[in-house]
Each structure stands twice: as structure tokens, then as C-alpha cells.
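Visitor: I'd like a close look at a single part of this model, please. Take me through it step by step, and spell out the cut-offs as you go.

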Amino acid sequence: MTRPIAEEIARGRRAIALAQARGRDTAPWEQYLAYLEQQALLAWASELAERDLVLSLPISYVEAPLRTVTTTRVSWYAAHYLKTIASARLYREYPKLCWGQWTPPWWQGREEDALGALAALREALSDQDERET
């Protein structure tokens, strides 16, 4: 995660907590914070995908409800999820490209699944790093 995004996320969390303590509506701030967190996740995934990292021991994470992935090829999975997100955004922006069951709402679901899988992958890698140290 790049330092400026991480700093902005930390500042945003502090500002939201302070504003909530004063009884202010923080909904727009929370939306922007969620956007920043998503950008940080995508940046992390992009860096991981470029590293072509293959672990010596497999890790497991929940890719989607009722679907657990156990793999050593973490960079491949990061790239796969990024490709899914990019495709979903393209098809939602240009719905005339969609056909059959693959409608913009279907693609929205795929994007949400891929974002959730990336977050789970990042957490699994973080947990593994903590166990190794």
C-alpha cells in the first residue's frame, strides 16, 4: 500500500471518529474512506500480481461464500481478481456489450466477489506473515 493512501486512510478514520463523537453526520466521509480503502486494496493486488509470488506453503482463504481456496499461487489469484474487476467495470459502463445472463447487475456481483476475495487473500497473507515472525 502506498504511503499517501495509507496516511489518508488513517487521517480519515481519525476525522470520522472525532466528528461522530461530536454528533456530526459522517456518511459522505465514510463513503470516501471506503473508496480510499478500495483503491489501496487494488494497489496492493496490482503489486502482488506483478511480483509473480508463489509461496512455499499453501494458504487458505474464503473466495466466496461456500468456496475456500487453498493455493501457493497468490500472484496468479491477485491478477485473476483484478481482471474480473476490470471486466466487470467495462461491462457495467457499456451495457450493450452484455448478453444473456451476463447483465450489468451480474457483473456488479462478480466485482463485489472479486473485491471480497482480494481482501480475504490480503488477510490470509498477513496472517501467514505474522505466524512466520
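Guide: Happy to! Let's start with R110, which forms a salt bridge with D113, their closest N and O atoms lying 3.1 Å apart; the term means a side-chain nitrogen of Lys or Arg within 4 Å of a carboxyl oxygen of Asp or Glu. Please keep in mind that this is a predicted model, in which local features need pLDDT of at least 70 and side-chain atom pairs count only at pLDDT 80 or more, while totals for chains, interfaces and linings use all residues. Residues are numbered from 1 along each chain as its sequence is written, and side-chain values use heavy atoms, leaving out hydrogens and water.

Both R110 and D113 sit in helix α4, 3 residues apart, or about one turn of the helix. Helices here are DSSP runs of H or I with at least four residues, strands are runs of E with at least two, and numbering starts at the N terminus. R110 is partly exposed at 25% relative accessible area, and D113 is also partly exposed, at 31%. Salt bridges with shared partners link R89, R92 and E111 into one network.

E111 is buried, at 4% relative accessibility, whereas R89 is partly exposed at 31%. On this scale, buried means under 20% relative accessible area, exposed over 50%, and partly exposed in between, with a 1.4 Å probe and protein chains only.

R89 also takes us to another helix pair. In α3, residues including L82, I85 and R89 meet a set in α2 that includes Q38, L42 and R51, where contact means heavy atoms within 4.5 Å. The residues of this contact divide into 9 nonpolar, 3 polar and 2 charged. Helix α2 (residues 27-51) and helix α3 (residues 74-93) pack at about 130°, with axes 8 Å apart. The axes are lines fitted to C-alpha atoms over the stretch in contact, and angles run from 0 to 180 degrees between N-to-C directions. The two helices are therefore oblique to each other: under 35 degrees counts as roughly parallel, over 145 as roughly antiparallel, 65 to 115 as roughly perpendicular, and the rest as oblique.

Note on methods. Ala, Val, Leu, Ile, Met, Phe, Trp, Tyr, Cys and Pro count as nonpolar, Asp, Glu, Lys and Arg as charged, and the others, Gly among them, as polar.
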